[in-house]
Amino acid sequence: MQMAQAATSPHDAEAQAWQATQVASLEHQRGRTVLARRTLARALHSYPEYPPALALQADVQAAAGDLEGAEASLRAAVAVAPAAAWHAQLGDVLAARGARLDAERAWARADAAYASDTPDAREHALFLSMRTRDLTRARSLAEQAARGSTDIVTAEALAWTAFQQRDLDTARRAIERALRTGSHLRRLRYHAAAILEATGDREAARAHARVALAAP
């Protein structure tokens, strides 16, 4: 990604911002916060108010405990591009700040956007189930996604919605499919730990929890 950024024309501001945001995301995932912040600053210098950079900046700020800054970044992002994922992220930050009513409004906007603007059954199912909102609809969306795809995110969505409904047999089968690539994604491993703990496999649950805690 750094090579791609270096090869991008300095006259293409949006491409420069996109490349810098990808590099910043990788640095953030590696736990290199200073480099992530510095690279995001370059992205926003190239393209002020670039929504993906603002949303990632909110992630970095929230991870550092700056919820006020994260809220400001996300509000700026959704003002330019009201994407479902960013409304959902804003709702999470607002809930963490104790603004439950505002959080519910942001989640409602995310729900509507997932349903109409950017329909994605698996992401919609995860959005609903991770916030325990309308679990029947979440399960229906997850099953719909699973009928047409075998990717690990779809399997995770089915696993977590089934788990929330206490269908542990389906949850375990689905989470095992989601883990087949060995991904260290923190969310996936956390979900695996919770599901396996509920099924009584505490040793495996602890192993997944350790991976989740170690993941950047």
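H6 makes the greatest contribution to the lining of the largest pocket, supplying seven residues. The model is predicted, so local features require pLDDT of at least 70 and side-chain atom pairs pLDDT 80 or more, whereas totals for chains, interfaces and linings use all residues. Residues are numbered from 1 along each chain as its sequence is written, and side-chain values use heavy atoms, with hydrogens and water left out.

**The largest pocket**

- At least two lining residues come from each of helices H2 (13-29), H4 (51-63), H6 (84-96), H8 (121-130) and H12 (186-198); helices are DSSP runs of H or I with at least four residues, numbered from the N terminus.
- By class, the lining holds 19 nonpolar, seven polar and six charged residues, where Ala, Val, Leu, Ile, Met, Phe, Trp, Tyr, Cys and Pro count as nonpolar, Asp, Glu, Lys and Arg as charged, and the others, Gly among them, as polar.

**Helix H9**

- H9 has 14 residues and spans 20 Å from its first C-alpha to its last, close to the expected 20 Å (1.5 Å times one less than the number of residues).
- Ala-138, Arg-139, Leu-141, Ala-142 and Ala-145 of H9 are buried (under 20% relative accessible area, with a 1.4 Å probe and protein chains only).
- These residues lie on the same side of H9 because they cover an arc of only 165 degrees around the axis, taken from the directions from the helix axis to the C-beta atoms.
- Thr-136, Arg-147 and Gly-148, on the other side of H9, are exposed (over 50%).
- The cover over the buried residues of H9 includes H8, H10 (152-164) and H11 (168-178).

- Beyond neighbours within four places in sequence, Arg-139 is in contact (heavy atoms within 4.5 Å) with Leu-158, Thr-161, Ala-162, Gln-165, Asp-167 and Thr-170.
- Thr-161 belongs to H10 and is buried, at a relative accessible area of 0%.
- Not counting residues up to four places away in sequence, Thr-161 touches Ala-125, Ser-129, Ala-138, Arg-139 and Ala-142.
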